[in-house]
Amino acid sequence: MKKVKKKSDYLLLKMVTILGVITFIFIAQRSFDAYIIRILNLCGIYVILGVSLNLINGFTGQFSLGHAGFMSIGAYVSALLYMSPELKEVNYFITPIIWPLSVIQIPFVFSLIIAGLVSAGVGFLVGAPCLRLKGDYLAIVTFGFSEIIRVLFCNLQSITNGPLGLKGLPSYTNLWWTWGVAIITIWFIKNLINSSYGRALKSIREDEVAAEAMGVNLFYHKVLSFVVGAFFAGIAGALLGSLVMTIDPNTFSFFMTFQIIIIVIVGGLGSITGTVIVGTAFAILMEVLRSVESPMSFFGLNIPGIPGMRMLIFSILLMIVILFFHQGLMGNKECSWEWLYHKVSRSKKEVEEGS
Amino acid sequence: MSILKADHITIRFGGLTAVSDFYLNLEEGELVGLIGPNGAGKTTVFNMLTGVYKPIKGSIYFNTQEITRKRIDEITALGIARTFQNIRLFTNLSVIDNVMVGCHLRLKSSVLNAIFHLPQYLQEENYMREEAKQLLKEVNLEKLETNLAGGLPYGQQRKLEIARALATRPRLLLLDEPAAGMNPHETKDLMSFIQKIQEKFKLTIVLIEHDMKVVMGICKRILVLDYGITIAEGNPVEIQHNPEVIKAYLGVEAHYA
């Protein structure tokens, strides 16, 4: 008789993994050198960004290009809240910062939450009218939104310090923050898409007309996915701001959105596992591939350093994935404990039967 | 008791009047057929009844409540469900998920409740799953519940679509060509299946169908549309001998007699 594995059986496995991750972060934070920690931090941030964009693009099927805009909002909101008044005075030497913002300083954790909430609020305001559009039109409008945010932040000098940006931000971001938030994001979005609401979101991706005819409120569910995505994008932006310690409106250009889109598409639209794998790999490759941008000699041929060569390689990778793995690396499959268990037990059985 | 009343509804697309002055008064528990040549406006009628198109004239009442301007999902929640002419399943979702999407509109738990898996949500989720399994049993798909809906054979996809529509707990079911593409044997099954679910779920059914055996076999009342105009209404025998209908279908009257 086949024994049916219950969810609780995987509890131990989960606990062990979580403990393992915590130990890893603990060791990494203490003993790894700053460069590697920085890359690992970026991994975490890319995972948050990828998973949140996958919710909108992959699970709900709404092609949004507005993620950089939400990140920008998150980064600025949090920075304005956690910077000390003295630091603000130093930064805003051309146009002074307006009153309430000039004296506010709150702890990092609250600034993160507020950054997410403001970003989600803007997500609602943008999503409500835009999500009536479909496909390319939605992509163009959300792209426009992220450009509007960029231009707005360039010109709101008394709030954002304009194109000068904010410099010397305190470095709060560490592995606990990035990986902690990444794990919360994965957990939150995984639970969302596996719930009844998630089924409704996927039904919208599959067939909007049929979903609506089955009583799914299109507006509510699309805005829901947009707002949740914007919330986590805002937090990721805030974490990135404090990691790189300097932000200006052009940090969050279309280029940023493009990187996240690559992560989501290569990982597989509709696969959190794929996004996590590719998000991590992307952050590492971004650093490893720096070597191709430095001057090198090749069979006696001297090639000067070409900035941007990395992106060329990413474009080629993207094309290869689209040509050979139409659905991305993972398609819409997920790697869960149940799935792993079945894989392992099946290969074990095959070994036993074989011997 | 009248369950649905379409009170002289008209719709135009540009210069084309797709449906003109359509009147339908459905009594509870009826099984009505809607027939007519291709392009007669049958599906457009369904689209107006379910809120996809808004009629430019006339109004629609469901249980004496006006639904003419309501949203599609609101109308579904009130109790009108439909299937589609060209099957529109959620092909990349599993069979049971397809049906459970139909249950979603009755979910009371909030989003946060669902994300944090609070007991209220888990209870509702279990209940929805049970209900979906029951419905799948009804259409003999209970063994395939984890399969992808897109991988099912055609006839089973049709049945799954009906199960999905039933999951919204409708009082009025609109079936758009349920027998299209079925062989005579499957068609026969389908006829008894439709009668069975009508009885079991106490449904009122409107049926668009080209297969005359189906329409004449199970419908007590038939409406014939041609170029958006209702040209005949009556029981199967009356319709079969109506000269207007014969003209619409065959063009020439003399051959038929």
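The model is predicted: local features need pLDDT of at least 70, side-chain atom pairs count only at pLDDT 80 or more, and totals for chains, interfaces and linings use all residues. Residues are numbered from 1 along each chain as its sequence is written, while chains are lettered from A and ligands numbered from 1 in the order in which they are written.

**Chain A**

Chain A has 16 helices and two strands. Helices (H or I, at least four residues) and strands (E, at least two) are DSSP runs, numbered from the N terminus. The C-alpha atoms of chain A fill a box of roughly 75 × 65 × 45 Å along the principal axes.

Two helices of chain A pack together. The axes of H9(A) (residues 175-193) and H12(A) (residues 218-244) come within 11 Å and cross at roughly 175°. This makes H9(A) roughly antiparallel to H12(A). Angles under 35 degrees count as roughly parallel, over 145 as roughly antiparallel, 65 to 115 as roughly perpendicular and the rest as oblique. Axes are lines fitted to C-alpha atoms, for helices over the stretch in contact, and angles run from 0 to 180 degrees between N-to-C directions. H9(A) brings residues including Trp177(A) and Leu192(A), and H12(A) brings Phe232(A) among them. Residues are in contact if their C-beta atoms, placed from the backbone, lie within 7 Å. By class, this contact has seven nonpolar, two polar and no charged residues. Ala, Val, Leu, Ile, Met, Phe, Trp, Tyr, Cys and Pro count as nonpolar, Asp, Glu, Lys and Arg as charged, and the others, Gly among them, as polar.

**Sheets of chain B**

One open sheet has six strands in the order S6-S7-S8-S3-S9-S10 (chain B), with mixed pairing. S6 (80-82) and S10 (229-234) of chain B stand at the edges with a single partner strand each, so one side of each has no neighbour in the sheet. The twist averages 20° from one strand to the next. Another open sheet has four strands, ordered S2-S1-S4-S5 (chain B), with antiparallel pairing. Its edge strands are S2 (16-27) and S5 (65-66) of chain B. Strands pair if DSSP finds at least two bridges between them. The table lists some pairs.

| Strand pair | Sense | Bridges |
|---|---|---|
| S3(B) and S8(B) | parallel | four |
| S3(B) and S9(B) | parallel | four |
| S1(B) and S2(B) | antiparallel | eight |
| S6(B) and S7(B) | parallel | three |

Leu31(B) stands opposite Ile205(B) in S8(B). Ile35(B) has Val224(B) as its bridge partner in S9(B).

**Domains and the chain contact**

Chain B is assigned domain 1 (1-79 + 170-257) and domain 2 (91-169). Such bounds come from an automatic or database domain assignment. The C-alpha centres of the two domains of chain B lie 27 Å apart. Their contact takes 11 residues from domain 1 and nine from domain 2.

Between the chains, 27 residues of chain B are in contact with 23 residues of chain A. On the chain B side, H2 (72-78), H3 (95-103), H4 (111-115) and H5 (119-138) each give two or more residues. That side divides into 13 nonpolar, eight polar and six charged residues.

Notes
Contact = placed C-beta atoms within 7 Å.
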